[in-house]
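Please walk through this fold with me, strand by strand.

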Amino acid sequence: MKSILIPKIIKSKLHKDKRGSLKEIFKSKDYKKKFKFFLLVSSKKNVFRGFHFQKRKQQEKLVVVVKGKIIDYCIDLRKKSKTFGKIFKYSLKEKSVLLVPKGFAHGYTGISKENIIVYFLSEYRYSKFEKGISLFDKAIKINLNKNKLIISEKDKRNYTISEFEKKIGSL
């Protein structure tokens, strides 16, 4: 698969029979980057995680919803991109696969009671490079009831887009 410029839903083969289903989610020959770090995340309903990125050692992400439904958001933080600052929104349910290129902040909200997500990452997680964009930034126009969301203390302290531009510039 060629490098992608914006997040993209990946169509993959689904095989069904009377026993259930089998979905092909990853074939290394289809991806330019090799994924070297994997995460399994569970989130309850109304949990918001994000908008995360690494300012160095950026990660391309393959996001796979194993159980539940999430609303996934990606913010383009690549200054030279035609879509800089644009928010991409995807509704992902069980067996959905989303490829997020480097240079995007990524986050999601859990919609189902239980949500299980697997991440394939092209780079390891480095806490010293981890940063985020604040959901509470007035420039982020996402229609969510922010009072009902469950958000980590760390995510409440994320940058506004303007702080990101002043302190980091772009990815």
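**Sheets, bridges and charges**

Q: In what order do the strands of the S1-containing open sheet run?
A: This open sheet has five strands, and the pairing is antiparallel. Strands here are DSSP runs (E, at least two residues), numbered from the N terminus. Two strands pair if DSSP finds at least two bridges between them. The order is S1-S9-S6-S11-S4.

Before going on, a note on the source: this is a predicted model, in which local features need pLDDT of at least 70, side-chain atom pairs count only at pLDDT 80 or more, and totals for chains, interfaces and linings use all residues. Residues are numbered from 1 along each chain as its sequence is written, and side-chain values use heavy atoms, with hydrogens and water left out.

Q: Which are the edge strands of that sheet?
A: An edge strand here pairs on one side only. The two are strand S1 (8–9) and S4.

Q: Which residue in S11 is the bridge partner of Val 63?
A: S6 and S11 run antiparallel and are joined by six bridges. In S11, the partner of Val 63 is Tyr 119.

Q: What is the average twist from one strand to the next in the sheet S8-S7-S10-S5-S12?
A: Five strands form this open sheet, with antiparallel pairing. Its edge strands are S8 (87–93) and S12 (130–132). Axes are lines fitted to C-alpha atoms, and angles run from 0 to 180 degrees between N-to-C directions. From one strand to the next, the twist averages 30 degrees.

Q: Which residue in S8 is the bridge partner of Ile 71?
A: Strand S7 (residues 69–76) runs antiparallel to S8, and seven bridges join them. The partner of Ile 71 in S8 is Ser 91.

Q: What is the omega of the cis peptide bond between Gly 50 and Phe 51?
A: Phe 51 is placed in strand S5. The cis bond joins Gly 50 to Phe 51, with an omega of about -10 degrees.

Q: What is the phi of Asn 46?
A: Asn 46 sits in the loop between strand S4 (37–44) and S5. Asn 46 is not a glycine, yet its phi is positive, at about 70 degrees.

Q: How many residues apart in sequence are the parts tied together by Lys 36 and Glu 123?
A: Their side chains meet in a salt bridge at 3.7 Å, N to O. The term means a side-chain nitrogen of Lys or Arg within 4 Å of a carboxyl oxygen of Asp or Glu. Lys 36 lies in the loop between S3 (20–23) and S4, and Glu 123 in the loop between S11 (114–121) and S12, so the pair ties together parts separated in sequence by 87 residues.

Technical notes. Helix = DSSP H or I, 4+ residues; strand = E, 2+ residues; numbered from the N terminus.
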